[in-house]
Amino acid sequence: MMAAIAAADNGHEVCLLERNEKLGKKLYITGKGRGNFTNSADISDFFDCILTNPSFLYSSLYQFDNRALLELLEGFGLRWKEERGGRIFPASDHASDVTKALSAGLKRHGVRIELNTRAKSLITGAGRRVTGVVMDDGRRFESEHVIIATGGLSYPPTGSTGDGLLLAKEAGIGVTDTFPALVPLVSSDEDITGLSGLSLKNVTLKVLLDKKVCYEDFGELLFTHFGLSGPLVLSASGRVTGRLAKGAKCTAIIDLKPKRSFEQTDERLRSIITSNGARSAARLLEGVLPKKLCPVVLKRSGLDSSKKMGDITASERQEVVRVIKGFTVNITATGGFNEAIITQGGVDVREIDPSTMKAKKVCGLSFAGEVLDVDALTGGYNMQIAFSTGFLAGSEIGG
């Protein structure tokens with residue numbers, strides 16, 4: 001949509017081919033349906049949140065940054081608000097309002113829209129030039145330029161099934177290995193299953209790949225029936241997905257009480273024991289941790305929950321503290337593309353001109369958005385990348 005608006009604004013006659021029954025289907029699932037479409041961070045800080053090929057995005061992000069996006073969408077009638085972490089949402093909390101604004105822009109610029117229209121192959125002419133698109137129903141759309149902005153492989157029900165990657169390969173353009181990213185992590189630890197549905201706020205998550213720390217942050221996570229999810233985990237997944245798929249050993253370590261030191265946590269347990277010596281050790285962590293977690297932590301520490309608190313030794317108490325400050329979860333895989341917010345991998349950016357989004361060796365062809373081998377953390381960064389690359393691709397068709 002952004003590429004179409006930019007191209008039309010530059011005087012081109014534009015046709016937007018959409019395989020779905022409506023526009024912007026992927027937008028509806030961003031920000032848990034509320035439409036986190038960008039971030040308020042200074043554009044120079046965006047690059048710290050981009051995991052793959054950040055330098056490729058300098059031209060697009062600086063030529064059409066988050067301020068330019070907000071100004072454009074405001075002009076199309078969108079009202080917005082800022083929330084924690086600089087996340088920008090529609091004021092209504094409805095992702096559909098972003099789509100409505102973009103649709104208004106398409107209408108204003110006279111863009112022709114073809115819904116339920118799926119591209120099957122590219123039409124190519126002499127000299128490695130793309131001259132149009134053939135649809136799966138046999139229709140042909142002749143064109144002087146084609147922009148592929150199909151998304152990657154994540155959330156297939158939204159239409160992202162890798163069509164753009166197949167079209168790129170057909171044109172002779174390299175595609176890197178693809179993996180699900182911003183995705184839950186899977187664990188084989190048997191005691192995790194019983195924690196399903198438990199949400200933890202204000203914890204620290206550290207993720208190790210082959211015993212080396214690759215991610216560490218403070219925030220919120222969720223235990224699921226298969227492992228871990230939530231904001232911290234989704235961000236961490238971008239750091240591990242490719243290497244985990246290739247056999248790296250991955251361990252997540254959760255500090256359940258990061259605001260208290262080991263000594264402070266130990267002192268709190270010692271105080272509880274002193275005041276409740278006759279009570280069962282099974283009640284040691286009541287009020288310290290969520291109810292679901294208490295028996296799991298005690299079992300992992302090796303403490304006999306049937307003994308009295310007064311009989312707990314200092315070494316046993318400190319072992320409980322060690323589990324609290326370093327609750328480990330062995331990660332064996334990530335969720336699949338059906339659960340992934342974005343795709344890691346895609347069209348090889350070495351074959352794309354970053355100042356125009358045009359293919360270097362194929363005339364009349366550009367790429368934008370998630371179909372490219374670029375990805376970022378959660379928080380609106382991936383959406384801004386899509387808008388910025390789309391705008392640049394649409395703006396640079398001529399010449």
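How many disulfides does the structure hold? The structure holds 0 disulfides, a disulfide being a pair of cysteine sulfur atoms within 2.5 Å. This is a predicted model, in which local features need pLDDT of at least 70 and side-chain atom pairs count only at pLDDT 80 or more, while totals for chains, interfaces and linings use all residues. Residues are numbered from 1 along each chain as its sequence is written, and side-chain values use heavy atoms, without hydrogens or water.

Cys49 is buried, with a relative accessible area of 14%, whereas Cys214, at 23%, is partly exposed. Here, buried means under 20% relative accessible area, exposed over 50%, and partly exposed in between (1.4 Å probe, protein chains only).

We can turn next to the interior. A nonpolar core is a set of buried Ala, Val, Leu, Ile, Met, Phe, Trp, Tyr and Cys residues joined through side-chain atoms within 4.5 Å. The largest has 46 residues, and those touching the most other members are Leu205, Phe223, Leu284, Leu285, Val297 and Phe327. A second, separate core of 40 residues includes Ile50, Val146, Ile352 and Leu372. Beyond four places away in sequence, the contacts (heavy atoms within 4.5 Å) of Phe327 include Ile192, Phe223, Val297 and Arg300.
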